[in-house]
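Here's a quick briefing to read alongside the model. Keep the viewer open as you go.

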Amino acid sequence: MVIDEILAHNEQFVQQKTLPIIGHAPRKRMAVVTCMDCRLVTMFEQALGLERGDVLELRTAGATISRPERAGAASDLIRSLAGGIYLLGVREVAVIGHTQCGLSHSNPTALIASMQALGVDPDRLIREQRLEDTRGLVDWLGAFNDVHVNVREVVDVIRNSPFLPKIPVHGLVINIETGKLEMVDRG
Ligand SMILES: [Zn+2]
């Protein structure tokens, strides 16, 4: 399994590297929300000029908050931002979606087929989470059609959360091929 490769690498790593001791409060007092896409690994920080210790990085599938979680405080993203703001001094937030996101234009038929092939019953999820239908299932996953619209919506959810203070929240889109950032909504 891949975990064995990781453990073998890690043994080498700790023998060869000594990491500087730094604090857990982000130096730039910023939280960055982005997607879990594997193409953003390393490239993302390089494109933004971020070093270890600079910012909190929060990643969700699609850099989004799924529709059923947008109201209230149950969202893991809102919870993490609250921790960052109230406990770690964050005073600025950037939501950064990306081009070619796997959650844009997602195919409900493929999603359901994949769940069934892996032995998970999509109807049970729809029933128990009161998602009503396939459309609700796709909403639960956080799928969207337009990355710019999604970024604006997530920015609005964060800005309007009664559980978070009024601090600047920006919305951007990063080009996954070039690393270029586009400002969509400046906070
Ligand atoms: Zn993505």
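Predicted model: local features only at pLDDT ≥ 70, side-chain atom pairs only at ≥ 80, totals over all residues.

Residues are numbered from 1 along each chain as its sequence is written, and side-chain values use heavy atoms, with hydrogens and water left out. In brief, the protein has seven helices and five strands, plus a zinc ion held by C35, H98 and C101.

**Overall layout**

- Reading from the N terminus, the elements go α-β-α-β-α-β-α-α-α-α-β-β. Helices (H or I, at least four residues) and strands (E, at least two) are DSSP runs, numbered from the N terminus.
- Of the 187 residues in the protein, 41% are buried. Here buried means under 20% relative accessible area, exposed means over 50%, and partly exposed is in between (1.4 Å probe, protein chains only).
- Take the contacts with a separation of 6 or more: 72% of them are between residues 24 or more positions apart. A contact means heavy atoms within 4.5 Å.

**Surface and charge**

- The protein's accessible surface is about 11400 Å², and carbon and sulfur atoms account for 54% of that. Those areas come from the Shrake-Rupley method with a 1.4 Å probe; for residues, only the protein chains shown count as cover.
- There are 20 positive and 23 negative side chains, with the centres of the two sets 7 Å apart.

**The zinc site**

- C35 (SG), H98 (NE2) and C101 (SG) coordinate the zinc ion at 2.0 to 2.3 Å. Donors are N, O and S atoms within 2.8 Å of the metal (3.2 Å for Na, K and Ca), and water is not among the atoms, so sites may look incomplete.
- Along the chain, the zinc donors are spaced as C-x62-H-x2-C. C35 sits in strand 1 (residues 30-35) and C101 in the loop between strand 3 (92-98) and helix 4 (108-117), so the two cysteines tie together parts that are 66 residues apart in sequence.
- C35 is buried at 4% relative accessible area, and C101 is buried too, at 5%.

**Nonpolar cores**

- The largest nonpolar core has 42 residues, and L81, V93, V95 and I158 have the most contacts inside it. Two or more residues each come from strand 1, helix 2 (43-48), strand 2 (55-60), helix 3 (76-88), strand 3, helix 7 (147-160) and strand 4 (169-174).
- A nonpolar core is a set of buried Ala, Val, Leu, Ile, Met, Phe, Trp, Tyr and Cys residues joined through side-chain atoms within 4.5 Å.
- Setting aside neighbours within four places in sequence, L81 touches A31, V33, L58, V93, I158 and L164.
- A second, separate core has nine residues, among them L111, I112, L137 and A143.

**Residues worth a click**

- R29 has a positive phi of about 55 degrees without being a glycine. R29 lies in the loop between helix 1 (2-16) and strand 1, and is partly exposed at 43% relative accessibility.
- E132 is also a non-glycine residue with positive phi, near 75 degrees. Look for E132 in the loop between helix 5 (122-128) and helix 6 (134-141), where E132 is exposed at 74%.
- D139 lies in helix 6 and counts as buried, at 17% relative accessibility. Beyond neighbours within four places in sequence, D139 is in contact with S66, R67 and P68.
- A73, in the loop between strand 2 and helix 3, is partly exposed at 43%.
- E177 is in the loop between strand 4 and strand 5 (181-185) and is exposed at 63%. E177 and V155 are 22 residues apart along the chain, and their C-alpha atoms are separated by 24 Å.

Definitions and conventions: Lys, Arg positive; Asp, Glu negative; His and termini not counted. Charge placed at Lys NZ, Arg CZ, Asp CG, Glu CD.
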